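The following note sets out comments on the charged contacts and the chain interface of the model shown below.

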Amino acid sequence: MNNLLESQSTIRVATFYIGNQLLGIDISKVQEINNDIKISNVPLSDEIIAGVINLRGEIVTVLNLKEKLQIDSDFGNEKKTVLIIKSDELNNSHERTGFLVDKVADVIEIQTKEIESSPANLVGIDGKYFEGVCKFEQGLLILIDLNEILK
Amino acid sequence: MLDDDEILNDFVQESKEYLEDIENEFLEIEQNGQNIDEDLVNKVFRKLHTIKGGAGFVGLIKIKELSHELESILNLIRNREFIPNSENIDQMLSAIDVLRQMVFNPHDSEEVDITEPLARLKKLLDSNVAQDVVEVLEHTVEIESKNISSSDKSANSEIGINNFEVSQYDIENHLASGKEFFVFKVDLIEDCEKKNKTPLEFIEQCDALGELLDSIFSIEGIQNLDQSELGSVGNMPLICLLASHYSLESIAKELNISLDKIHQVNPILDMGDAIVENEQSQEVSQVETQLVNSNSEVEVAILEKSNEVLTQEIEVAPPNLESSEKPKEEKKKSKKADATVRINLNLLDQLMTLAGELVLGRNQMMQIVSERKDADLNLIGQKINAVTTELQGTIMQTRMQQIGDVFNRYPRVVRDLSKKLGKKIELSIEGNDVELDRTMIESLADPLTHIIRNSIDHGIELPNDRVKSGKVPEGSLLLKAYHESGLVHIVIKDDGKGIDKARIKQKAVEKKLITAEEALKMRDDEALSYIFHPGLSTAEKVSDISGRGVGMDVVKTNISQIGGSVEIQSDQGVGTTIVIKLPLTLAIIPSLVVRSGQERYAIPQVNIVELVRIKANDLSQKIEKIKESEVFRLRDKLLPLLRLSKVLNDGSCYYDPLAKDLKKNERSNIIDRRSKNSDEPSAEILEQRKGEQRRKSPLNTYEIIVLRAGEYEYGLIVDAVVNFEEIVVKPLGRHLKKYLCYSGATIMGNGEVALILDTVGIAEQSKLKTINIDELIKKNDTNKNYDKHEKVPFAFLSNGGNQQLAIPLSKVSRLDKINSQSIEEIMGKSTIQYFDQTMTLIELDQYINVPPVDKSQENLFVILLKIPNQCIGVLTQELRDIKEINTTMDVGTFKSKGVVGSTIIDGITTLFLDVYELIDLVDPSLSAPKDPIQSQKNKDETATILIAEDSDFFRAQIKKFLKDEGYHVLDYENGKLAFDGLIQNLSKVDLVMTDIEMPEMDGLELAAAIKKDARTQHLNVFTLTTLAGDDDRQKGVEAGVDEYMVKLDKDLVISKVREYLNRLGVS
């Protein structure tokens, strides 16, 4: 578990869905959310690359989280929602990365003590991309480990 | 070592610049030889001194030591005690190299072993300078400044006890010139950084007053840091020893330090007994010499380290303010005017990005503004437009750097190399101030070094060889930069022996890059371009300077990576010129925007050779298939062909303008379709083909973009060419770096992203190199049989009817449209005013069985014939095409005056015109007057000329004009038949004329066979060709050819024939 989680009592998390799965990212890492932005295809690229977008003059690579996390989703990609992640601090560059997700949900505040370390394999998803899980009445919120995903 | 990054950075930056200068100044000193230019040496000395001082400030001991040693040598040179030869300069330069290396990596500099360069410099001194001088020089004197007024605790003058190390030589010199010694305390933070001075600037300031002899950290100062009374003292106190003519007060004022921090020290040398006793001893003796400080009881002791002692008391001469050491006011002023601020590079890059974005936004806005037709809005729009343009330009300038930063490296490179190779080379550099984008300057250094090395190693000859070939012994090398048509041109020009093109061809043939035949045909500039091919080094011997087989290809790749191009031009024996053309910046580049599938892509214009649009009906002729890959026949070359949609695997789509819809392209390969069509096309398709509609439809045209990828050219088929646009290059994220096909991305006017295609990457991605190159050569070989028949360009014209006429393009000087109204009848002939001449028009219907020109039509065409001193044109209704065709023809069917023969091209009867005969028909007086003497001789002319020529057209033409001259002619279709014919008619033949390219046996082989055979070797052989390159001529000469001529140059051919036959006495 990450130091950040331990050092604060609560954290604010931006949540979103891929398929039926609720996932969350520390809000301080999310720069903005873009709806319906034109994603240009990059032929020959891996499945996990959804394409590139023009973010006010900056070319931002968009990762298809569904492919990356291997989550089944029949949502289709008609409406494109892209989370823009500030990855500066993570890899020491000024680069931003986009995450293509199915639907954006609320920003919620969670107690760090409620966060449990994730099991190695969860609902068929490779556990290495998770920082932890949080149980709610409605289901499970998975917190994403950005470092691992952006590696 | 000092741990303040800013001060250290300043030191490194400035030292780098100094070292660059020093290097070139050393070279100047070398050139001056005996005539020592004191100002120059002084300049170098000062720079080294400053570096030394700076290194002392920041605590880089090794740098200080080495620069000190160099400084001492410069000092000797300055005092004319040592005159360096070029070997000495070598050693000094290599010490500079070590020094530079240390300065570049200051953090590791303390680890560098400098004993070797130091030892070398010492040896240099030992062997060149009088021993006593060396001893005095090497003898360091330690000066101890000791505060003895321990009672005066409150004094701020506390300087502590410090040991300065100063060469005795220096002290003697300074004393002799009447300087006094001062010890003062400064603080790097308080006195330099906070006053916006770099350490080196501070040192220069000190040196303007005299000479800063040494500086040391005041350990005590740091220890005292916490004491309140020393609150004003920062945390980097330095104690400096300065020799100066100035008074204590003026020094304090100049350096802006308080009087209580500076003290004068008077070296009074105490002649203690111990000195005398230890005079012969090898032991280090410490002798305390009292330096009495008049102002504040600072005692400076000189500690003797060696057995050398100052044996006499030195009187301090009165300060001489008139000396050359006077501070230079002007210099200081210029320093201040040159105010600069250091900015983080990332910040600059970001500014550049934003400016690019602003430009895009401006473009979009301006479009809307112009649509609105609102005067006020328009005004604002104009203003924003202008400001944006200027802003972009200004930001661009911040990235610009002078090319001199790279050029300045080369004097040293040239000197070292030429010396090593025993050559004499004078390097001249022009255009140092031309500016280029910073990133390009960096990438330019390696390619330039390579080219320059090549010039020195392979280009410029040894002095003796130069003299032998009538040149001055000293070779010259020019390095020049200038602006031309929006590009920066860099010229590297030498006057060496040039590049042996025959060798390149030979090499290329050896490496199986081209066939021997291709080599024969190849023009010089084409041959030269092979120098950029990987693995082609023409150096006979591999040297360690160049010629390792990696070379010019790398140069070319590097240059194209920064968006530039390289051209080479070389005349054997005269020299070589290489021109590098670079865009001013990489940030904005002109590109072709194309579409494949639903995405748009940009292709940088520098990579594009040409655009070719071919009609679907021509596909079968132009595109062939080798195994799985397609090739495209463009003029004489076979180009591998790629489909962008296939390369990118994006599912080929095409836009059908009729259905206004994107359709999936079901053909995987155009060639599949061709093969279907080539057998029995259905009536429907034929019907469609005729339709004008269909011809214009994009479905029926293919856009082929011919691209250059390093050494290769290939065709890329795209779904559509959109437009040419200036694009702003943006980098791709790290996730996309690994994809070879893309070099970046850009944003289109509509805000969408378009990827920039990397032509080399695409070739690699498609494994283009490995598949095609061998196949192509093979294919070329199998094509030889029908390819042997030479293709010749003709202009096709028609007066209507199912008939067209062809005139060889070599006989056409220009094609033009005329107005039928302007045709005048003069003496029964049609003429027209053509520029300032009267052009006689040939109306073909009067001589040949063709329909007349319809003069009621306004626009008619004229084909101006290439006849010396005549202005004659053929009038025609319609100009159809210019095409290269095989000249196999039927000489019989349509034979008439003015027509050589006929053939059927694309189902249309085509008559080949005989230009000379036509002119003769129009006006016999116009054709070239016959030589009267010759005409007379022609009466009993019996000479027989054998012609070998595969082209029916040319054979008929040549035969005809030779016959007109009264010669007998034997003609054959190829070299083999000709040789057999020659053997049969051995007694008759006086002269052989042959084409070069022929099936079975070519002209050169025929020539060689004739010259080898004892029966025929006496015969003169002429070759006739469509083009006359020097290389072909050379090959001809090697094969034993006597004359080399261009076909259809009737007058020249006839006169040469006469000349040779006269010589033979056959007439």
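1. Between chain B and chain A of this predicted model, the count is 1 salt bridge. The partners are K738(B) and D46(A), whose side chains meet with an N to O distance of 2.8 Å.

2. On the side of chain B that touches chain A, the elements giving two or more residues are α14 (345-372), β17 (599-604), β27 (742-747) and β28 (753-757). Of the residues on that side, β27(B) supplies the largest share, namely 4 residues. Sorted by class, this side of chain B holds 13 nonpolar, 8 polar and 7 charged residues.

3. As to the extent of the interface, 28 residues of chain B are in contact with 23 residues of chain A. The area buried between the two chains is about 2100 Å², and carbon and sulfur atoms give 59% of it. Within chain B, the residues that lose the most area to chain A are R734(B), H735(B) and V753(B); together they make up 29% of what that side buries.

4. Over all chains, a search of the whole structure finds 33 salt bridges. In chain A, one of them joins R96(A) to E58(A), with the closest N and O atoms 3.2 Å apart. This pair links distant parts of the chain, since R96(A) belongs to strand β7 (residues 96-101) and E58(A) to strand β5 (residues 58-64), 38 residues apart. E58(A) has a relative accessible area of 23% and is therefore partly exposed.

5. In chain B, E567(B) and K581(B) form a salt bridge in which the closest N and O atoms are 3.1 Å apart. E567(B) lies in strand β14 (residues 565-571) and K581(B) in strand β15 (residues 575-583), so the pair ties together parts that are 14 residues apart in sequence. Both ends are partly exposed: the relative accessibility is 38% for E567(B) and 22% for K581(B).

6. A further salt bridge of chain B connects E878(B) with R880(B), the closest N and O atoms being 3.3 Å apart. Here too the partners count as partly exposed, with relative accessibility of 33% for E878(B) and 32% for R880(B). Elsewhere, salt bridges with shared partners join a set of residues into one network, including E20(B), E23(B), D97(B), R100(B), R412(B) and K419(B).

Key
Residues numbered from 1 in each chain as written. Chains lettered and ligands numbered in written order. Predicted model: local features only at pLDDT ≥ 70, side-chain atom pairs only at ≥ 80, totals over all residues. Heavy atoms only, no water. Salt bridge = Lys/Arg side-chain N within 4 Å of Asp/Glu carboxyl O. Buried < 20%, exposed > 50% of the residue type's maximum accessible area, 1.4 Å probe, protein only. Contact = heavy atoms within 4.5 Å. Buried area = accessible area lost by both parts, 1.4 Å probe. Nonpolar A, V, L, I, M, F, W, Y, C, P; charged D, E, K, R; others polar.
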